[in-house]
Amino acid sequence: MPILDWTGDIKAYLKEKKELIDLFLKEYFSPNFIPPVLKDSITYSLSAGGKRIRPILCLAAHEACDGDSEDILAFASSIELIHTYSLIHDDLPAMDNDDLRRGKPTNHKVFGEGMAILAGDGLLTEAFYMMANSLSNRNIKNTALIRAIKELAFTAGINGMVGGQAQDLLSENAEPDKETLSFIHRHKTGALISGSLRAGAILANCGKPSLNAITRYGENIGLAFQVIDDILDIEGSTDELGKTTGSDARKKKMTYPSIYGLESSRKKAEELIAEAVFAIKDFSGKAEPLREIARYFLERKS
Ligand code: GRG
């Protein structure tokens, strides 16, 4: 499928990249494997209509660093497997106990808890298998690939998303605390977003100053993404979000609005987005999608 040039239309860019990722994932999981119910459980969540924002950020960072995003489509798509596993496990009764995700009943509601746990385990493991298989790509250096895999293992694991989720679990019903909130948001949500961007840049062999700039961009949009998510949980609609709103308050979760109020949270999100765009000011026009994605975050309704 030909990759379109940047036309200045962020919605068209997101749609085009999402379609590439969707197609890749559909083909990847099309052969039958045993037992079929495991495949059904995996593909149920994987094809439930996620925005694919993390793979898209990986591709966009690769392009911003002069890479060709076609070279890393498999690598970028594998990040969606990690993200989907995290959502399946997050929805389990032992964690957030949610009934609705991406507008559909959660995985365990359809396939049972055991199969939902295994679908998550399978997705996480397969993601790293997919990444390692990118070794066959002539345009990607093996050293860069190993660094990129390490980046995802670090940001998705105990030092990143899993660590943040653990702190989130420990902090339910706890006294609101700004430092803990910042730790949870930066790790649970920010780390994988930042890791996706950094991996895309690393795979393009980008130099240290550019990688530092991409990291600052990632840390800022990563936190902004979660602050906006907190706001949407109060102001968004269940229909648009595809998940039940108001759940943070019901579960007495520490969120930006619960500690800083809605107005300050909105302002904080705007500041973080401005900071992100500033961090990549020295990049060429090839970073325009990254700039526009950051701005687009402020408008998102789902
Ligand atoms: C289970 C280890 C483990 C971690 C779970 C991702 C996560 C950590 C929990 C999900 C709950 C939550 C609200 C997390 C914040 C991150 C977030 C906003 C996830 C939703 O991501 P989107 O908006 O979802 O990219 P789609 O459906 O578009 O893929």
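Me: Which elements each supply at least two residues of the lining of the largest cavity, and which of them gives the most?
Reply: Keep in mind that this is a predicted model. At least two lining residues each come from α2 (36–46), β2 (104–105) and α4. With four residues, the top contributor to the lining of this cavity is α4.

Me: Which residues lie nearest the centre of the largest cavity, and what is its volume?
Reply: The lining of the largest cavity holds 13 residues. By class, they are five nonpolar, four polar and four charged. Nearest the centre are S45, I88, R101, R102 and N107. As for the volume of the largest cavity, the value is about 90 Å³.

Me: How many cavities of 30 Å³ or more does a search of the whole structure find?
Reply: A probe the size of a water molecule, rolled over the atoms, shows where empty space is left. With a cut-off of 30 Å³ or more, the number found in the whole structure is one.

Me: Now the open spaces: what takes up the largest pocket, and how much space lies in that pocket?
Reply: The largest pocket is the space taken by the ligand. The volume of this pocket comes to about 1000 Å³.

Me: Which residues of the pocket lining are closest to its centre?
Reply: The largest pocket is lined by 47 residues. They divide into 20 charged, 14 polar and 13 nonpolar. Closest to the centre of the pocket are H83, L87, R101, D229 and K243.

Me: Which helix has the largest share of the lining of the largest pocket?
Reply: Helices that each supply at least two residues here are α3, α4, α8, α9, α10, α11 (238–241) and α12 (247–250). The largest share is eight residues, and the helix that supplies them is α4.

Me: Which helix gives the most to the shell around the ligand?
Reply: The shell has seven charged, seven polar and six nonpolar residues. At least two of its residues each come from α3 (53–64), α4 (73–91), α8 (161–170), α9 (178–203) and α10 (208–235). The most, six residues, come from α4.

Me: Which residues come nearest the ligand?
Reply: There are 20 residues around the ligand. Nearest to it come K51, R54, H83, R102 and Q226.

Me: What part of the ligand's exposed area does the protein bury?
Reply: The ligand taken alone exposes 700 Å². Of that area, the part buried by the protein is 92%.

How values were computed
Residues are numbered from 1 along each chain as its sequence is written. This is a predicted model: local features need pLDDT of at least 70, side-chain atom pairs count only at pLDDT 80 or more; totals for chains, interfaces and linings use all residues. Side-chain values use heavy atoms; hydrogens and water are left out. A residue is near a molecule or strand if one of its heavy atoms lies within 4 Å of it. Accessible areas come from the Shrake-Rupley method with a 1.4 Å probe; for residues, only the protein chains shown count as cover. On a 1 Å grid over the protein atoms alone, a cavity is a set of points where a 1.4 Å probe fits but cannot get out, and a pocket is an open set with protein on both sides within 12 Å along at least five of seven lines; lining residues have an atom within 4 Å of a point. A molecule sits in a cavity or pocket if more than half of its atoms lie within 2 Å of its grid points. Ala, Val, Leu, Ile, Met, Phe, Trp, Tyr, Cys and Pro count as nonpolar, Asp, Glu, Lys and Arg as charged, and the others, Gly among them, as polar. Grid points are joined across faces, edges and corners, and a volume is the space filled by probe spheres set on the points.
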